Amino acid sequence: MEVHKILIDGKWIKSDSGETFESVNPATEEVIGKFQQGNGEDVKAAIDAAEDAFEKWSSYPAPRRGEVLFKAYQLLKRDKERLGKLVTSEMGKVLPEGLGDVQEAIDMTAYMAGEGRRLFGHTTPSELPDKFCMTIRQPLGVVGLISPWNFPVAIPAWKLMPALVCGNTVVFKPASDTPLCAIELVKILEEAGLPKGVVNLVTGPGSIVGEEIVTNPKIRAISFTGSREVGIEVRKKAELKKVGLELGGKNGIIIMDDADLDLALDGVLWGGFGTTGQRCTAASRVIIHKKIKNKFLDMLFERTKILKVGDGLKKDTEVGPLVNKKAVEKVDKYTQIGLDEGAKLLYGGRKVGGKGFFYQPTIFTNVDVDMRIAQEEIFGPTVSVIEIDSLDEAINVMNSINYGLSSSIYTQDVNRAFKAIEKIESGLTYVNASTIGSEVHLPFGGVKDTGNGTREGGIEGIHEFSETKTVYVDYSGVLQRAQIDIE
Ligand code: NDP
């Protein structure tokens with residue numbers, strides 16, 4: 001069994017702790033490898049290496065930094081098949097989605113490689129003569145990246161690539177369920193020619209490795225994607241550091257009485273059961289007009305009961321396993337909560353026996369808006385169906401939750417679509433498409449408890465990982481006082 005190492009200052013080494021942990025294939029329960037159980041000393045060494053590397057990397061012209069990313073983009077494309085299979089083996093999503101996870105990283109790497117020749121500031125006229133005003137973008141310094149397991153290649157790439165092109169150096173802690181995907185991604189960056197110390201990777205528990213990253217004063221910014229509970233702690237403990245938080249969701253699909261029901265059905269199945277419901281943008285609520293509810297539920301039942309649950313590496317599998325045993329217990333607990341609350345189980349609601357962490361796709365009907373299954377993030381293949389009578393009611397239901405990540409409406413009526421776009425409280429709204437499907441060149445993030453208002457991706461991803469410096473150049477040769485010498 002291979003024992004993987006951590007990367008500090010360009011060297012793959014063992015942890016100071018002398019301990020290891022295992023990563024397990026959730027479909028087979030086979031151990032994929034052993035990994036270093038990093039500790040605070042490892043993180044401190046990683047931060048020192050990143051600090052040492054900062055001066056050189058941040059002075060390297062941004063277009064050259066972009067070229068390293070361009071090389072990484074080529075290598076990711078070369079290795080897409082291998083990495084896609086690894087994603088499926090380590091976290092369970094079906095192979096087409098494992099390949100999609102890697103493709104997202106490829107896309108982000110290409111986008112950020114190009115940013116090396118942009119990193120735009122802006123210019124604007126001065127209120128005074130012979131004075132020039134502009135903004136430039138500057139790196140932050142050493143940044144800490146903490147990622148979840150559900151997009152084990154894509155989410156690290158959403159953080160690493162903008163951080164690097166902006167000239168920062170990095171201490172990266174991946175989720176303990178998917179350390180191998182993170183190691184393979186960082187090895188690609190090494191092969192692309194990233195200088196030593198620019199990215200340092202420490203595996204190990206969030207409560208130790210993550211905690212040190214969040215609290216260490218030498219780290220200037222944290223980019224965290226994960227649960228709301230941990231996100232709140234990160235925000236508190238990071239004190240005045242710049243913090244980007246991408247947290248959970250309880251996303252909904254509105255289906256109006258004029259919707260194309262076949263299209264909406266595909267959207268509900270893809271959004272609800274894709275990645276076994278383990279996406280922050282998963283469609284865990286269906287908010288449906290009462291005129292078409294019964295017809296739609298019949299259609300949904302017929303399609304759900306034939307979904308093939310199994311190992312994501314097998315060709316005909318449509319729904320893979322949950323990430324681990326704890327996740328199965330959590331989903332099952334919510335099934336019981338739904339039943340206790342009086343919701344009706346239309347389909348599923350059971351663990352699948354045998355090896356692996358499988359759970360049936362599960363649909364609840366007769367769900368009231370304030371039930372826990374309609375409010376809390378389950379992060380599994382559980383869809384709650386809520387009946388509504390009008391667009392206003394649908395929007396109220398959509399907005400009744402603490403989260404605000406993604407939303408969707410199926411309707412043929414452009415007026416209804418635009419009303420929904422305007423009134424729904426979420427970072428993303430889709431029209432006649434499911435709640436999932438973000439593209440790397442657009443901002444991604446949510447409102448309300450989904451985060452703290454930051455966005456990843458697109459140009460806003462650059463803003464997350466850089467500072468704005470405002471520059472005034474006075475070429476008048478005399479003292480000019482803003483707001484005073486205005487005649
Ligand atoms: P967690 O919050 O449990 O973990 C996320 C990361 O934080 C992991 O690397 C974890 O390490 C680490 N961590 C745990 N405790 C601490 C701590 N005290 N200090 C610092 N870091 C810590 O979330 P999950 O991995 O379970 O991911 C699922 C969650 O992520 C869901 O809520 C989902 O909605 C959200 N998510 C949000 C997205 C968005 O962009 N809005 C996208 C994808 C997911 P370890 O693994 O070692 O515990």
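Buried here means under 20% relative accessible area, with a 1.4 Å probe and protein chains only. Helices (H or I, at least four residues) and strands (E, at least two) are DSSP runs, numbered from the N terminus.

Contact means heavy atoms within 4.5 Å.

## Basis of the description

Residues are numbered from 1 along each chain as its sequence is written, and side-chain values use heavy atoms, with hydrogens and water left out. Because the model is predicted, local features need pLDDT of at least 70 and side-chain atom pairs count only at pLDDT 80 or more, whereas totals for chains, interfaces and linings use all residues.

## The pair α4 and α5

Helix α4 (residues 95-115) and helix α5 (residues 154-165) have axes that come within 8 Å and cross at roughly 10°. α4 is therefore roughly parallel to α5, a description used for angles under 35 degrees. Axes are lines fitted to C-alpha atoms, for helices over the stretch in contact, and angles run from 0 to 180 degrees between N-to-C directions.

On the α4 side, the contact is made by D101, E104, A105, M108, T109, M112 and E115, and on the α5 side by A154, A157, W158, M161, P162 and V165. By class, nine residues of this contact are nonpolar, one is polar and three are charged. Ala, Val, Leu, Ile, Met, Phe, Trp, Tyr, Cys and Pro count as nonpolar, Asp, Glu, Lys and Arg as charged, and the others, Gly among them, as polar.

## The buried residue E90

E90 belongs to helix α3 (residues 80-91). Its relative accessibility is 0%, so E90 counts as buried. Leaving aside neighbours within four places in sequence, E90 is in contact with S23, V24, P26, I32, F35, D177, T178, P179, L180 and C181.

Two of these residues are also reached by polar contacts, that is, pairs of N or O atoms within 3.5 Å; within protein, one must be able to donate a hydrogen and the other to accept it, and residues adjacent in sequence count only if both atoms are side-chain atoms. The side chain of E90 makes a polar contact with the side chain of S23 at 2.8 Å. The side chain of E90 also reaches the backbone nitrogen of C181 at 2.9 Å.

## An open sheet of three strands

Strands β5, β6 and β19 form an open sheet in the order β5-β6-β19, with antiparallel pairing. Two strands pair if DSSP finds at least two bridges between them. β5 (123-125) and β19 (466-474) stand at the edges with a single partner strand each, so one side of each lacks a neighbour in the sheet. On average, neighbouring strands of this sheet are turned by 25° against each other, direction ignored.

Strand β6 (residues 131-139) is joined to β19 by nine bridges. F132 stands opposite V473 in β19.

Strand β12 (residues 251-255) is largely enclosed by the rest of the structure, because five of its five residues are buried. Both of its faces are covered, with N251, I253 and I255 on one side and G252 and I254 on the other. β12 pairs with strand β13 (residues 283-289) in the parallel sense over five bridges, and I255 stands opposite I288 in β13.

T382 lies in strand β16 (residues 382-388) and is buried, with a relative accessible area of 2%. Leaving aside neighbours within four places in sequence, T382 is in contact with S284, V331, T362 and F364.

Notes: Buried < 20%, exposed > 50% of the residue type's maximum accessible area, 1.4 Å probe, protein only. Parallel < 35°, antiparallel > 145°, perpendicular 65-115°, else oblique.
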